[in-house]
Amino acid sequence: MFRVLVLVLFVLRFSDAAHASSEQCFKLSQAVPEAVGDLKKTQMTDFEKDNPGLGYSVRYEAGYLRLTVFIFDAGYPTIGQDIARAYFDGAVQDVATAAQRRSAGLGDIDAVLFRPPRGNVTYFAKTTSSDGLSEIVTLGTEPGCMIKMRFTTRLPLENTETAFWQLAELVSRELETY
């Protein structure tokens, strides 16, 4: 009986914490700006209502530039580096899968771990594909949430990286002020 009571208390404690982190992610999603540099917000999706833990995404676009920001907790009450790393690895695999769906070859993926984080970016990867796309994917954490950014463009990779960091700094500043 005591074990059952402890288990019930444990589950209740962490379900409350998971709920609190999803509220935190919602607050962060509401802090994103209408525009990031020249990119305008074109879409905001609430995945949380149908799939708790998947959070929210915001897409920004301008011509051949696309930045998508995902804010989510994956159902975890706290986000450790092991969890963040697993989701970053999945995001990098998503880039490879998208290139494969387009029948494009993918160049080397250059991945970096920032210690300390650069803004809210801890994990960073960049690559190009044979169809001319340059892609950057990052993942970082805020208390209770992961923030994944994916930037896709037809710029050369060097220019893509410069543009990305300018945009990431703008997003980071907005999220800090909420």
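Student: Which residues does F151 touch, leaving out those up to four places away in sequence?

Tutor: Keep in mind this is a predicted model. F151 touches L39, L65, R66, L67, S134, E135, I136, T160, A163, F164 and L167.

Student: And which residues touch the most other members of the largest nonpolar core?

Tutor: Y60, L67, I71, M149, F151 and F164, out of 29 residues in that core. Elements that each supply at least two of its residues include β3 (56-62), β8 (145-153) and α3 (157-177). The one that gives the most is α3, with seven residues.

Student: What lies apart from that core?

Tutor: Another core, of 13 residues; I79, I83, V92 and M146 are among them.

Student: Switching to V137: buried or exposed?

Tutor: V137 is buried, because its relative accessible area is 3%, and the cut-off for buried is under 20%. V137 sits in strand β7, residues 134-142. Its contacts beyond four places in sequence include F88, V92, Y123 and M149. The C-alpha atoms of V137 and M149 are 5.6 Å apart, though the two are twelve residues apart along the chain.

Student: What's the bridge partner of A125 in β7?

Tutor: That's V137. β6 and β7 pair in the antiparallel sense, over six bridges. Their hairpin has five residues between the strands, and G132 there takes a positive phi near 90 degrees.

Student: Why is β6 largely enclosed by the rest of the structure?

Tutor: Because seven of its eight residues are buried. β6 also pairs with β5 (residues 110-118), antiparallel over five bridges.

Terms used
Residues are numbered from 1 along each chain as its sequence is written. This is a predicted model: local features need pLDDT of at least 70, side-chain atom pairs count only at pLDDT 80 or more; totals for chains, interfaces and linings use all residues. Side-chain values use heavy atoms; hydrogens and water are left out. Helices (H or I, at least four residues) and strands (E, at least two) are DSSP runs, numbered from the N terminus. Buried means under 20% relative accessible area, exposed over 50%, partly exposed in between (1.4 Å probe, protein chains only). Contact means heavy atoms within 4.5 Å. A nonpolar core is a set of buried Ala, Val, Leu, Ile, Met, Phe, Trp, Tyr and Cys residues joined through side-chain atoms within 4.5 Å. Two strands pair if DSSP finds at least two bridges between them.
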